[in-house]
There are 2 protein chains.
Amino acid sequence: MDLIAALQRVVGKDGVKSKDKELKAYQNDKSYISGKSPEAVVLPSNAKQVSEILKLCNSNGIGVVARGGGSSLTGSSVPYPKSIVLDLSRMNRILETRIEDGYLVAEPCATIDEINKHLENHEYFYPPDPASSGFATLGGTISTNAGGLRAIMYGSTKEWVLGLEVVLPSGEIINTGSRTLKRSLGYDLTGLVVGSEGTLGVVTKAIIKIIPRPESIGRILAYYKRFEDAARAVEEIKRKGITPLIAEFMDRTSMELMAEAKRLPFPERANCMLLIDIATTKDSLDRFIGISETALRKHDPILVNTAKSRVDMERLHAARKLLFMATEEKAKSTGRSVIVADAIVPPSEMPSALAEVQKAMKKVGLEAVLFGHIGDGNIHVNILANLKTQRAKAEGFLEALGEIALDHNGSVSGEHGIGLEKKGLLIKELKKRDSIEVLRLMKEIKKSFDPKGILNKGKIFD
Amino acid sequence: MDLIAALQRVVGKDGVKSKDKELKAYQNDKSYISGKSPEAVVLPSNAKQVSEILKLCNSNGIGVVARGGGSSLTGSSVPYPKSIVLDLSRMNRILETRIEDGYLVAEPCATIDEINKHLENHEYFYPPDPASSGFATLGGTISTNAGGLRAIMYGSTKEWVLGLEVVLPSGEIINTGSRTLKRSLGYDLTGLVVGSEGTLGVVTKAIIKIIPRPESIGRILAYYKRFEDAARAVEEIKRKGITPLIAEFMDRTSMELMAEAKRLPFPERANCMLLIDIATTKDSLDRFIGISETALRKHDPILVNTAKSRVDMERLHAARKLLFMATEEKAKSTGRSVIVADAIVPPSEMPSALAEVQKAMKKVGLEAVLFGHIGDGNIHVNILANLKTQRAKAEGFLEALGEIALDHNGSVSGEHGIGLEKKGLLIKELKKRDSIEVLRLMKEIKKSFDPKGILNKGKIFD
């Protein structure tokens, strides 16, 4: 079969890329793991075309890697031998906005920022908010059950998806869930597809829950010498009955990167910075900020500072969100790559887990940035490594971080998924819980959806 | 094999019931559909015993129906030929309370009220709150993905379960999810088991998310002549950016039942009553109540009244929660049964859907009570019917209600599940969405978990 010609028959000539140079551009996502050049890249415009493409690939044993913004951090969107890439970027429309019913319908390649921009006029928003929201797509965040900055208050993506249109490898198009705010209709296939990293079906439409924006948000910056103090200060806020909207921590290297990129100065002796958002009603903002400041002051800070203006607030938020890109730039300028590590522990384990993570960072000896969502126990480390000479070292650190999380009653992935990177760690985690049977069940489920194994083979498990 | 003796070897003599009279007590749940007398009732005390029992049944082809509070409204906990009942009432402990980490671990037969009572001292709570919370167990609410009064603000059970200990038919004990507030670990088996009505495994432990209680709650009663006005008034509150904690509606018959049971008088001309809870900070309560009252007043109410005291508030809440029992008593005293119907539509469809439901109620001509969670579009009807003479009529109404929901972009079950009652309606809903393939996937998933089909056979699908 002439694959290219067959694909062109489905999507037209301009919907298929097949030149070497074009294909090469799809070899990588934002992880450190390179894939193979795909056989072709195909750009469908609707579910019908996706269905035709999957049918074609399913009957010819050709692998299919669905791709949104390409911002996976675990290699979950890199191609493998005998696979094509399904670039969904043409399917990026917001189709319906139902404020009165609390939902929005969009295609997979609408970005999170686009969706929230669109909802601004209505004073509504979609809570999941990965730091990559500028280019992370709805479909991508669904595929990894993305968390993000506001997960401490609103949970992960899976709590916000009401229903999906999914194309199965057979070409069959199914609609899971519904347009209602809840339902009890047997097995929750919507929830099963969320987090399945493109291995069960291709999401071509999503019905997501949206809610009114909080009336008021205040933003507090605090600097500490010790990470433990910062972690205890956040615990203290929560003990006062206040769940922050955002509670981020950043180490000194992060501060330096943000200082460079956004002219955000920081106190000399600071080793840990907290960025805390408090969302509440306009009547309560001052009181809540006051309680939070007091809690932050109780744990030996160097400085506690509440943003005074909207401009100030936005600068801080922007600084946090560009941390990855700033790290990436620094890495590139020195011929290195960035590996973003992700692990999660119960919040009370943060002080001890962070101490061990810092030890492990020292031990590996690579330049690295420690930060994360301190409110829900989500730890990230950006490692700068030369993949030719330091890959094994970096991978050793990833393994160590996963083990620290497991030692502290945590999980090896908080929000980035498994992809290619963490297949071993996933097995470790399941074994630790005497639950390796879970892997068998996952594989059986995979078979029910994708009997020939064409979708994103080798991701999550072998 | 002597089944009784074999079961006794696992749980001791006092852990097995086998007398005809004892067995008969397990034939029914709170639905109108009777089951068969089980072969035996066995009361395990721990996961290990559950595992032994399932192994035994799996190798001998004996069906197993797990049972908590027996409050299923769709027949999902009634036994069938050649099955035993696994009565989990001995497994009712709260095992861990981790306020600082935002979770609690409990056995399946802790009731929802027990859990919330336990959390009171900590000023925390578990949001899912079915009207049956006094006897509904955690396991039961997990099995049906229960919603309840606060679902408008907090969603359903599936959004609150972090992890599960599940015994599979093979006897294998697995732990799904984790003790962290989020995770991305491949297919979400936790979410798959939630809502699976005991057909995939037996839940022996659950890790659930808990949060601080709202600072302040105000309760407003409003009475309307027309249902449409009541529905529009609730829409109006939401349009003002306020999501009520609770937004219940009740028809005149409900008011009469509550008046009798709790001496709750109501205005002569009232046909629809609203019970609205507003949860916010203490600084904002008066303002939010004011906004809500204004919204309620805009739509031609007969009376709008905010509860003045805690005693008042509790009386109202108690009245709403005993609606089912009051209906049941009335039915029993006249030799009838109560059939509780459940359907859901997008909230903006409520005015037109409710008009059609009332027409259908008139047409069937049985005494019936119309009420539900108006804020999230969840409609309930309690039908009083003599099952010997009026069963077909009542079933006709259930079918009609499901079809009204489907005509209004809704679902045939909002929170009660499918059980035996709605297998036909589930198929109708899937067909309406061109998604009958979903049923095949459910059956395949069932096979992966329960290859011999011993668990709660015939529930959800045939």
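A salt bridge here is a side-chain nitrogen of Lys or Arg within 4 Å of a carboxyl oxygen of Asp or Glu. Keep that rule at hand as we walk through this predicted model, starting inside one chain and ending where the two chains meet. By the rule, A:Asp129 forms a salt bridge with A:Lys321, with their closest N and O atoms 2.7 Å apart.

To place that pair, look at how chain A is divided. The domain assignment gives domain 1 (3-90), domain 2 (94-212), domain 3 (216-321) and domain 4 (335-447) of chain A. Let us stay with domains 2 and 3 for a moment. The centres of domain 2 of chain A and domain 3 of chain A, taken over C-alpha atoms, are separated by 29 Å. Where the two meet, ten residues of domain 2 of chain A are in contact with eleven residues of domain 3 of chain A. Between them, these two domains of chain A bury about 850 Å², and 66% of that area is on carbon and sulfur atoms. On the side of domain 2 of chain A, A:Leu149, A:Ile152 and A:Met153 supply 67% of the area buried against domain 3 of chain A, more than any other three residues.

What about the polar side of this interface? The rule finds one salt bridge across the interface of domain 2 and domain 3 of chain A. There are also two residue pairs in polar contact across it, both at pLDDT 80 or more.

Now step back to see both chains. Chain A is superposed on chain B by a rotation of 180° with 0.0 Å of shift along its axis, at an RMSD of 0.0 Å. That is the relation of a two-fold axis. Of the interface residues of chain A, 100% are also interface residues in chain B, so the copies meet through the same surface.

This contact takes 85 residues from chain A and 85 residues from chain B. Together, chain A and chain B bury about 6,700 Å² between them, with 55% of it on carbon and sulfur atoms. Twelve salt bridges cross the interface of chain A and chain B, and 41 residue pairs are in polar contact between these chains. Which elements of chain A give two or more residues to the side that touches chain B? They are β9 (173-177), α7 (189-193), α10 (285-297), α15 (423-432) and α16 (437-449) of chain A. Of these, α16(A) gives the most, with ten residues. The residues on this side of chain A divide into 27 nonpolar, 34 polar and 24 charged.

The side chains of B:Arg287 and A:Asp283 meet in one of them, at 2.7 Å from N to O. Those of B:Lys182 and A:Asp376 meet in another, at 3.1 Å from N to O. B:Lys182 lies in the loop between β9 (173-177) and α7 (189-193) of chain B, and A:Asp376 in the loop between β17 (368-373) and β18 (378-385) of chain A, so the pair joins two chains. Over all chains, the count by this rule comes to 76 salt bridges.

Terms used
Residues are numbered from 1 along each chain as its sequence is written. Chains are lettered from A and ligands numbered from 1 in the order in which they are written. This is a predicted model: local features need pLDDT of at least 70, side-chain atom pairs count only at pLDDT 80 or more; totals for chains, interfaces and linings use all residues. Side-chain values use heavy atoms; hydrogens and water are left out. Copies are superposed by least squares on the C-alpha atoms of residues with pLDDT of at least 70 in both. Contact means heavy atoms within 4.5 Å. Domain bounds come from an automatic or database domain assignment. Buried area is the accessible area (1.4 Å probe) that two parts lose on being put together, summed over both. A polar contact is a pair of N or O atoms within 3.5 Å; within protein, one must be able to donate a hydrogen and the other to accept it, and residues adjacent in sequence count only if both atoms are side-chain atoms. Helices (H or I, at least four residues) and strands (E, at least two) are DSSP runs, numbered from the N terminus. Ala, Val, Leu, Ile, Met, Phe, Trp, Tyr, Cys and Pro count as nonpolar, Asp, Glu, Lys and Arg as charged, and the others, Gly among them, as polar.
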